Every structure is written in structure tokens, then in C-alpha cells.
Amino acid sequence: MSVIENAIKRLQAARAGAAFARGTAGASGGAARRRELAAAGNAAAAPTRTIVINHDALRIAGLVPPSHQERELARQFRHIKRPLINNALGRGVPRLAHGNLIMVASAVPGEGKTFTSLNLAFSMRLEEDMSVLLVDGDVVNPRVSRILGVENEPGLLEVVRDNVPLGAAIHATDVPGLSFLPAGRPDANPTELLASVRMSEVVAQLGGHDPTRLVLFDSAPLLLTTESHALAHLVGQILLVVRADLTAQQVVLAALETLEEGKPVSLVLNQSMKPPHAEYYYQYSGNAGTPKNASGA
Ligand SMILES: Nc1ncnc2c1ncn2[C@@H]1O[C@H](COP(=O)(O)OP(=O)(O)O)[C@@H](O)[C@H]1O
Ligand SMILES: [Mg+2]
């Protein structure tokens with residue numbers, strides 16, 4: 001059983017033990033909790049708490065749609081997730097190596113990476129027999145960690161830098177099938193950390209051997225940071241978010257240039273004011289050279 005499955009099992013076992021502090025304001029710890037965790041088999045490696053996802057707070061932050069747009073957005077995300085999942089599982093297409101490791105990227109800030117990561121995670125976790133681990137890979141501006149109230153908790157950076165066990169950094173959430181790994185406390189050298197051998201080991205552990213466990217990385221903009229290049233190197237596929245009517249074609253091409261040859265990339269056109277049509281979603285392969293239409297949504 002992989003590290004993640006172990007960690008999630010421990011979290012579930014600890015939760016089943018009752019008297020579990022819930023909510024983003026509830027600090028973990030306490031003798032009763034430690035006894036529960038010890039009973040669950042790993043007191044040292046499971047000090048995380050269950051994150052209660054506050055959808056109203058997400059809505060106020062503009063990271064989930066207003067209720068009257070929920071259905072339409074859910075429909076669009078169903079279209080966006082399907083080819084990514086098919087790539088990960090090899091359903092009707094060749095299975096991508098590490099295809100369950102998916103990075104949500106963009107050229108510049110404000111294109112909708114965090115919006116897309118969250119809504120894609122909510123959509124993907126609804127799949128039968130699949131689970132989603134959302135990772136805040138934007139270690140310089142960890143917006144998801146902040147909004148979920150775990151900005152100052154150990155996260156990806158501590159796992160890579162300080163060898164904190166993954167099980168001690170991954171949080172269960174009250175949304176079934178969705179867990180979260182925060183970015184961790186800021187570091188002076190994030191690029192070196194994300195480009196380290198230890199980081200590649202951590203990402204390999206996250207991916208495991210189970211393609212039904214999707215690992216979704218929110219990330220920093222490709223053209224303004226180098227740590228995102230390091231992350232891009234480690235994942236199996238990339239969803240490049242392009243803000244409609246704002247991001248110049250040359251900027252998108254420059255972002256694609258930062259990715260290694262052959263890296264599977266899908267493009268999603270975000271915040272288009274035009275009605276969805278056949279061109280709003282593309283898959284792109286660095287090998288093929290040109291974008292090709294992948295969805296008739
Ligand atoms: N599809 C969308 N519909 C509505 N608002 C969106 C959409 N995508 C992004 N936004 C808004 O744009 C802002 C920037 O998006 P964000 O996901 O934070 O960008 P990034 O993570 O790429 O910097 C957010 O405040 C969000 O509210
Ligand atoms: Mg962001």
C-alpha cells in the first residue's frame with residue numbers, strides 16, 4: 001500500500017475514533033487525539049486535521065461560481081476533466097506515464113489556475129472509484145492553502161526540505177474523495193527545493209502506482225517563476241489555462257516553450273465571454289507540434 005493510501009487510511013481511522021477536532025479553526029493535538037492516532041497505528045505521522053471546505057468563503061473569493069452559474073460550470077468541468085482522466089487511465093487512448101499527476105499551469109498570473117484547480121478537483125472527485133489529492137504547488141503565493149486556512153501548516157516544502165512524512169502534511173477534507181496538501185511555510189529557495197532529487201521522490205510517492213488516485217497541482221505562472229518548470233518536469237500531464245481575450249498568443253507560445261519536448265499538454269480557454277464551442281478546449285502534444293481539437297463541447 002502506498003504512502004498516500006496509508007495516510008488516508010490513518011486519517012479515516014482517526015476520524016472514526018470520534019471527538020475529532022473539525023473545522024479550519026480547530027487546532028489539532030491534545031492527549032485524546034494522540035491516543036486516537038496511536039490507536040490508529042501512527043501517532044507521529046498523522047497530526048493533520050480535517051479541513052472543512054467553506055464554499056461561501058470560496059464563492060466570496062471568486063474561486064467557485066455564484067450558485068446560478070454552478071450547473072453550467074459543472075458541465076464545462078465535466079468536459080475538461082474527461083480527457084485528462086482518460087489519459088491517466090488509458091481509457092480509449094494510450095495510458096500516459098504518470099498521467100495521474102496533473103499540473104494546472106499558465107503563462108502569467110491571474111489566468112485562472114487556482115480557480116481551475118479547485119473546480120477541477122471538485123469535479124474529478126465525483127468520479128466513481130477515484131480520489132483526488134489537490135496539492136498547492138504555488139509555494140510563493142499559496143492561495144488555496146490560505147483560503148483553506150492551512151497556510152501556516154507543514155506542507156509540500158516541509159516534506160521536501162525537512163523530510164516531514166507525507167502523512168503528516170496531507171489533510172483530509174469534509175468533501176468525500178478530496179484531500180489536500182498545502183504548500184508549506186515559505187522558503188528562500190523554492191526553485192532549488194522543487195528541482196531537488198527529494199522533490200522528484202516525493203512526487204513519485206504522491207503518484208504511486210494507482211492511476212485512480214489523481215494528484216492535481218495548482219502552480220505558479222510559467223513565465224514568471226522557475227519553480228513551476230521544475231514541477232512541470234515531474235508531472236505526467238499539464239493543463240495550461242489561457243485567459244480568453246487577454247493572453248496574447250506569443251505569451252502562450254512562450255509558456256509552451258518552457259516545457260520539455262513531448263510533455264502532454266492540454267489547453268483550456270478560461271473566462272471566454274463567447275458561448276462554448278468546438279475550439280474552447282484543446283489537447284496539445286509537444287511532439288505533434290500543433291494543437292489539436294479534443295472536445296466538441
Ligand atoms: N472561469 C472563471 N470564472 C469566473 N472567475 C474566474 C474564472 N477564472 C478565474 N476567475 C477569477 O479570476 C481571478 C484570478 O484567478 P486565479 O485562479 O486566482 O488565477 P491564477 O491562479 O492563475 O493566478 C480569481 O479571483 C477568480 O475569481
Ligand atoms: Mg493561483
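What volume does the largest pocket have? The largest pocket has a volume of about 880 Å³.

This is a predicted model, in which local features need pLDDT of at least 70, side-chain atom pairs count only at pLDDT 80 or more, and totals for chains, interfaces and linings use all residues. Residues are numbered from 1 along each chain as its sequence is written.

**The pocket.** A pocket is an open set of points on a 1 Å grid over the protein atoms alone, where a 1.4 Å probe fits, with protein on both sides within 12 Å along at least five of seven lines; lining residues have an atom within 4 Å of a point. Select Glu111, Gly112, Phe115, Asn270 and Gln271, which lie nearest the centre of the largest pocket among its 38 lining residues. Next, select helix 4 (70-89), which gives the largest share of the lining, five residues. Helices are DSSP runs of H or I with at least four residues, and strands are runs of E with at least two.

**Strand 4.** Proceed to residues 178-181. Leu134 stands opposite Phe180. Strand 3 (residues 171-172) runs antiparallel to strand 4, and His171 stands opposite Phe180.

**Helix 11.** Finally, select residues 249-257, where Val252, Ala255 and Leu256 are buried. Seen down the helix axis, the buried residues fall within an arc of 100° (taken from the directions from the axis to the C-beta atoms), so they line one face. The face turned away carries Gln250 and Glu257, which are exposed (over 50%).

How values were computed
Chains are lettered from A and ligands numbered from 1 in the order in which they are written. Side-chain values use heavy atoms; hydrogens and water are left out. Buried means under 20% relative accessible area, exposed over 50%, partly exposed in between (1.4 Å probe, protein chains only). Two strands pair if DSSP finds at least two bridges between them. Grid points are joined across faces, edges and corners, and a volume is the space filled by probe spheres set on the points.
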